[in-house]
Amino acid sequence: MIEFAYITRPIVGAIIGYITNDIAIRMLFRPHQAKYIFGVKIPFTPGIIPKEKGRIAQAIGSSISTNLMNQEVLEKNLLSDDMLDKLGNAIDDFFRTQKGNPETLYQFISHYLSEEEIDVASKSVNSELTTLIYHKLSDSSLGTHISHIAVSHVMNKMQNFGSTIGDTLKEGGIGSGGGIGKMISRGFESLFGKQAKDTASEFISALAEPVEQALGKNINEMLQNNSQEIVGNLIGNEIGNLMDCPMSTLLSNKDEQIEQAKNSILGLYRTIIKEHLPKILETINISKMIESRINEMDMNETEKIIFQVMDKELKAIVWLGALLGMIMGCINLLI
């Protein structure tokens, strides 16, 4: 009997240790709800994790947001050379794909926006650009500038009238061009006299200023009254042509612009991370988000996830209990 005890006691101790640790681990999760007998709550129900689920969720959320997903850690990883290289490669792949994309710009955008949203965006762009250009045209001295150029051009033509006629005759094989111009000029002088010629020239010069002012005023009025419609139609037509243009055509021979766009996107990404990450973290509140998600999870789902992550470790604890039970059985023999 004594010899038999040398075998049974360690085995029984191992079985007890195995069973007690297995029960203890299961009691972490079960039962999920409190149990009652004759209105009296059974101790250790619900299990420890279901009972303390809210506190555990809060502690996990706080720990992750403070130590694992804080601003310093996220900024370091999001701005790492590896991350920037991956983002740059993704941008390169995107443009490389679009260079061979036969879809029109409209078809491409329709993958991300509805037809109504595209129409609203197009009209909004048209309206904004039209209004901007219209105000620039109506508020500027564009009409005055145009009238000045026009009058200066006419004055120049009038002053070189003789030479122009001479050049025309020369092209037709008559005279020497400049000589004909001089001849016409001398003819004007001989008919009306040099003083009359100078007077006519002064008259034309004096007439230029009021003509320029009147012309500028009329052009400005025309721009104010009609430029909005004209500009709107032009921009609308250009937007329509742009939307109907294939992606491959839009990006053809645009390597320099594509590289600039890539650098702009990377620069914008760095700016957002460096300057706006604190506000983003404050807005999304990682701690609260994790806490809410854990609280929303069903206990069966929570238990399944924990066992998936720590299955080997929990089984090791059970077998460790068996080992300790066996050791205690051996010690009991010695005592």
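Which residues in H5 meet which residues in H13? In this predicted model, local features need pLDDT of at least 70, side-chain atom pairs count only at pLDDT 80 or more, and totals for chains, interfaces and linings use all residues. Residues are numbered from 1 along each chain as its sequence is written, and side-chain values use heavy atoms, with hydrogens and water left out.

**H5 and H13**

- From H5, Met83, Leu84, Leu87, Gly88, Ile91, Asp92, Phe95 and Lys99 meet Asp255, Ile258, Ala261, Lys262, Ile265, Leu266, Tyr269 and Arg270 of H13; contact here means heavy atoms within 4.5 Å.
- Ten nonpolar, one polar and five charged residues make up this contact (Ala, Val, Leu, Ile, Met, Phe, Trp, Tyr, Cys and Pro count as nonpolar, Asp, Glu, Lys and Arg as charged, and the others, Gly among them, as polar).
- The axes of helix H5 (residues 81–99) and H13 come within 11 Å and cross at roughly 145 degrees (axes are lines fitted to C-alpha atoms, for helices over the stretch in contact, and angles run from 0 to 180 degrees between N-to-C directions).
- Helices (H or I, at least four residues) and strands (E, at least two) are DSSP runs, numbered from the N terminus.
- The crossing of H5 and H13 is right-handed, a term used if the near helix is turned clockwise from the far one by less than a right angle.

**H4 and H13**

- Helix H4 (residues 71–78) and helix H13 (residues 255–284) have axes that come within 10 Å and cross at roughly 160 degrees.
- That makes H4 roughly antiparallel to H13 (angles over 145 degrees count as such).
- Gln71, Leu74, Glu75 and Leu78 in H4 meet Tyr269, Ile273, Leu277, Pro278 and Leu281 in H13.
- This contact of H4 with H13 has seven nonpolar residues, one polar and one charged.

**Backbone details**

- Most residues other than glycine have a negative phi, and most peptide bonds are trans.
- The peptide bond from Arg30 to Pro31 is cis, with omega near -5 degrees.
- Pro31 sits in the loop between helix H1 (2–27) and strand E1 (36–37).
- Phe38 is not a glycine, yet has a positive phi of about 55 degrees.
- You will find Phe38 in the loop between E1 and strand E2 (40–41).

**Second largest pocket**

- Of the 14 residues lining the second largest pocket, Ile56, Ile60, Ile294, Thr302 and Ile306 lie nearest its centre.
- On a 1 Å grid over the protein atoms alone, a pocket is an open set of points where a 1.4 Å probe fits, with protein on both sides within 12 Å along at least five of seven lines; lining residues have an atom within 4 Å of a point.
- The lining of this pocket divides into twelve nonpolar, one polar and one charged.

Notes:
Parallel < 35°, antiparallel > 145°, perpendicular 65-115°, else oblique.
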